Structures are given as C-alpha cells and as structure tokens.
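Could you take me through this model in a viewer, one selection at a time? I am new to this and would like to know what to click on and what I will find there.

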Amino acid sequence: MAPPRKSKPGKSNASKASAPAPLPDPPTPATLLVSPRSFVLQLQEVDLVWWRYVWVPAVAGLLGGLAYTLLVRHAAAFAAANSETAAPGLATSAVNVLGNTFLSVFIFVLMWGFGRVGAGFKGRAAEVYGASFALMPPLYLLVIVVTLLTPAATFLPDAAGVGALGSDPRVLERAALAQTFQTSAGFALVVVTLLGTAAQFGFVYAAMRQLTDRPIQAVMGTLLPLLPALIIQLIGVSPLLFAR
C-alpha cells in the first residue's frame with residue numbers, strides 16, 4: 001500500500017499569502033472632531049458610502065427634539081391650565097421629537113447636496129457632513145440635564161401678571177415661551193442649535209481642504225450649505241427666540 005501523499009509546504013504558504021487582506025474600518029464620527037486629518041486619512045482608505053453616517057444627524061435630531069420638548073412642555077401646560085384648552089398629551093411630545101429628528105436629517109441632506117455641488121465628488125460631502133453632526137449630541141445632552149435640574153416655576157411667567165394675559169392660550173403660551181428663553185436652559189438650547197451648527201462647518205472645511213487639495217472647492221463646499229442650514233435651524237428655535 002502506497003504511503004499517503006504529503007502536502008507541500010510551499011503551496012500552503014502561497015495560499016495563505018494570497019488571502020485577501022481585511023478591509024480597513026471607516027473612521028468614527030468623533031474622529032472628525034478630534035483630528036480632521038486622521039479622519040480624512042482613514043476615510044480615504046474605504047469606499048464612498050453616502051449613508052455611512054446618516055444615523056448621526058438622526059441621533060442629533062432625536063436628542064435636540066427631546067431637549068426642545070422638555071423645555072416647551074411647561075409653556076404648553078401653563079397655557080392649558082389658565083385657559084379652557086386641554087393639556088397636550090404624549091402624542092404632542094412625540095410629534096415634536098420626531099419632527100425635529102426629520103428636520104435634522106433634512107438639514108443633513110441639504111448640506112450634502114450643496115456641499116456636493118461646491119466641493120465636487122472628491123469632497124465626499126455626504127460622509128463629512130454626516131460625521132460633523134457628532135458635535136451636537138453631547139451639547140443637546142447638556143441642555144437636557146440643565147433643563148431637568150431647573151425648577152418648573154422658573155419657566156413660567158410671574159404669577160402676579162398672569163391675570164393680565166387673559167385666557168387666550170396662544171398669548172399665554174407665548175408669554176411662557178418668552179420666560180423660558182430667559183432661563184439658562186432656554187438660552188443654551190438656542191445657542192447650541194445656532195452656534196453648534198455653525199461650528200460644524202469649521203470641521204467640514206478642515207476635512208474638505210485635505211480631501212479636495214483645492215482651498216476654493218473646500219470653501220465652496222462649506223459656504224454653500226451654511227446659510228440655508230442656519231436659516232432652517234433659526235426657524236426651528238424661533239418659537240423660543242421671538243416669543244413675546
């Protein structure tokens with residue numbers, strides 16, 4: 001009986017050497033905030049996937065909506081208590097949270113579209129702008145904590161002047177929203193929403209500058225979405241900012 005044939009070590013080593021190398025991992029969104037250069041270097045190692053970071057603006061919008069809902073709930077309850085209207089329920093809060101989530105994703109799509117026009121394909125606007133929303137969740141969490149630590153009476157108008165407001169729920173709610181904006185939590189939400197959005201573009205420019213190697217493209221990819229995004233965010237906080 002013939003002895004079993006032994007495999008040649010050379011062929012085994014060759015098959016191991018020809019095994020495909022593992023694909024590199026994409027950078028985390030937080031990497032853009034810590035080191036835009038490292039973010040770009042890691043991003044260039046992976047293929048473009050436009051939906052890679054779409055969850056980041058969704059989470060930012062969810063937390064932003066929660067922060068806004070926690071703030072304005074006092075004004076809505078105050079208006080209902082001093083008029084003949086029903087107090088808002090859980091459905092109203094859910095609409096506020098989900099509406100803000102949708103608004104955040106819409107802003108991301110707007111940034112992506114205008115950024116793609118300005119910076120071109122090499123700017124990878126979808127991924128860069130999506131990752132830039134990583135700045136917002138910690139800030140919104142801070143607003144939520146400040147809101148929860150603030151006594152409810154702080155968000156309401158002075159009891160001595162409630163009678164002069166009448167019984168119109170819209171007037172009552174606007175008065176309470178105006179008082180809410182005077183609190184640390186209300187002011188912080190407006191500042192975080194507007195200045196936080198503006199700060200995102202600084203990180204975006206730093207990334208696009210390296211991705212495109214052309215400063216003018218990076219500038220255009222950053223500036224084109226800036227004003228539309230800020231206008232939409234301003235509309236979102238206008239009930240607080242312009243309440244009288």
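Start by selecting D213, which is exposed, with a relative accessibility of 62%. Exposed here means over 50% relative accessible area, buried means under 20%, and partly exposed is in between, using a 1.4 Å probe and protein chains only. You will find D213 in the loop between α9 and α10. Helices such as these are DSSP runs of H or I with at least four residues, strands are runs of E with at least two, and both are numbered from the N terminus. Now look at the backbone: D213 is not a glycine, yet its phi is positive, about 60°. Most residues other than glycine have a negative phi.

A word on what you are looking at: this is a predicted model, in which local features need pLDDT of at least 70 and side-chain atom pairs count only at pLDDT 80 or more, while totals for chains, interfaces and linings use all residues. Residues are numbered from 1 along each chain as its sequence is written, and side-chain values use heavy atoms, with hydrogens and water left out.

**Next stop: R124**

Select R124 in the loop between α5 (90–119) and α6 (125–132). R124 also has a positive phi, near 50°, without being a glycine. Is R124 buried or exposed? R124 is buried, at a relative accessible area of 10%.

Move to helix α2 (residues 29–34) and pick T31. Its relative accessible area is 16%, so T31 counts as buried. Show the residues around T31: apart from neighbours within four places in sequence, T31 is in contact (heavy atoms within 4.5 Å) with P36, S38, F39 and Q42.

Then jump to V72 in helix α4. With 9% relative accessibility, V72 is buried. Which residues does V72 contact, leaving aside its neighbours within four places in sequence? They are N96 and L177. Try the distance tool as well: from C-alpha to C-alpha, V72 and S238 are 12 Å apart in space, although 166 residues separate them in sequence.

**Follow L177 to α8**

L177 is one of the buried residues of α8, along with L172, A175, A176, A178, T180 and F181. Colour the whole helix, residues 169–182: its 14 residues reach 20 Å from first C-alpha to last, close to the 20 Å expected at 1.5 Å a residue. That expected span is 1.5 Å times one less than the number of residues.

**Zoom out**

Of its 244 residues, 41% count as buried. The C-alpha atoms fill a box of roughly 105 × 55 × 25 Å along the principal axes. The chain has a radius of gyration of 25 Å, whereas a compact globule of 244 residues would have one near 18 Å. This radius is taken over C-alpha atoms, and the globule rule is 2.2 Å times the number of residues to the power 0.38.
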